[in-house]
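Please look over the model before reading on.

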Amino acid sequence: MRLQSLIPTIPDDLVAALEACGIRTDTDLLFSGTTIEVLQRLPPGVVSLADLEKYTGLVAESASAPGIRGDKQYADELRRRHEDATDLASGVGELDALVGGFGNSRVFEISGEKGSGKTALALQIALRFLAAHTQASVLWMDTTGDFSVERTTQMARQLDGEGSATALERLQVSLILNIESAQAVLEDLRNSLAVNSAPGPRVHLVVIDTVTPLLGPSLSAISSHGHATMTTFMQHLRILTRTYSLTFFVSI
């Protein structure tokens, strides 16, 4: 940036003298040598060493990114993560108290027989969260094709909250047929969270219902490949939770 635009208080005759020496921008001034070396290039009497050091300091201050203390940044990050991960609860007091809620950047694995209520529990948590937060969204990865729009709509109608009217609009449902598709969807999610700074709904909860069809075909008692795939996949989920303050709800 031009010196006069960056620091209007620099005298015009000094700016002209610097430009005559080829020093026109903040970068030129800061990286053209020491203050004494710059002074030696200027005509005598244009500026004193003390004043040149003062103006150089003002230029460096204006050109620098604002600093932030590490302890303040750490405290802000903890506060942001707390705000991002709150209110993920089932509504069943005993269950929520037992696990401490379903937020705080964790991966929850829920196992049970078919029809035992795993999907209903995940749906209850997701819809309650969406109803409470207008700027939150949930990614639901359906691996069986059994996601019921009718049941979801009925459950959403029973919930109150400032976001209840738009809750279903912020529930993103993806049909996932294999582990490669799941990895691709998660990579797209990671990319969007890494670059998205614009206001609007943000994914806080990811539901995988269920993970068994994704990993089951590759698991074998005589091969370690499937077990390695399962371990790598679950480790990937944990990395995403810590990096982007997500919660994963994985039914088995």
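How many bridges join S2 to S3? Five bridges join these two strands, and they run parallel. Note that the model is predicted.

**The sheet**

The pair belongs to an open sheet of five strands. The strand order is S1-S5-S4-S2-S3, with parallel pairing. Strand S1 (107-110) and strand S3 (171-175) are the edge strands, and each pairs on one side only. On average, neighbouring strands of this sheet are turned by 15° against each other, direction ignored. Asp142 stands opposite Leu175 in S3.

**Helices on the sheet**

Two helices that pack on this sheet are set out below.

| Helix | Strands touched | Angle between directions |
|---|---|---|
| H8 | S1, S2, S3, S4 (202-209), S5 (247-251) | about 160° with S2 |
| H12 (225-244) | S1, S4, S5 | about 140° with S1 |

H8 touches S2 and S3. The strands touched by H12 are S1, S4 and S5.

**Salt bridges**

Side chains of opposite charge can pair when their charged atoms come close. The count here comes to three salt bridges. One of them joins Glu109 to Arg238. Their closest N and O atoms are 3.2 Å apart. This pair links distant parts of the chain. Glu109 sits in strand S1 and Arg238 in helix H12, 129 residues apart. Helix H12 also packs on the sheet and touches S1.

**The largest pocket**

Rolling a probe the size of a water molecule over the atoms shows where empty space is left. The largest pocket holds about 290 Å³ of space. It is lined by 15 residues, and the closest to its centre are Lys114, Gly115, Thr119, Asp146 and Asp209. Which elements each supply at least two residues of this lining? They are helix H8 (118-132) and strand S2 (136-142). H8 gives the most, with three residues. By class, the lining has three nonpolar, six polar and six charged residues.

**The cavity**

The count comes to one cavity of 30 Å³ or more. About 30 Å³ of space lies in the largest cavity. Leu127, Ala131, Ala156, Leu159, Ser164 and Ala167 line it. Is this lining mainly nonpolar or charged? Five of its residues are nonpolar, one is polar and none is charged. The lining of the largest pocket, by contrast, includes six charged residues.

Methods
Residues numbered from 1 in each chain as written. Predicted model: local features only at pLDDT ≥ 70, side-chain atom pairs only at ≥ 80, totals over all residues. Heavy atoms only, no water. 1 Å grid on protein atoms, 1.4 Å probe; cavity = no way out; pocket = protein on both sides within 12 Å on 5 of 7 lines; lining within 4 Å. Points joined across faces, edges and corners; volume = space filled by probe spheres on them. Helix = DSSP H or I, 4+ residues; strand = E, 2+ residues; numbered from the N terminus. Nonpolar A, V, L, I, M, F, W, Y, C, P; charged D, E, K, R; others polar. Pairing = 2+ DSSP bridges. Axes fitted to C-alpha atoms, helices over the stretch in contact; angles between N-to-C directions. Contact = heavy atoms within 4.5 Å. Salt bridge = Lys/Arg side-chain N within 4 Å of Asp/Glu carboxyl O.
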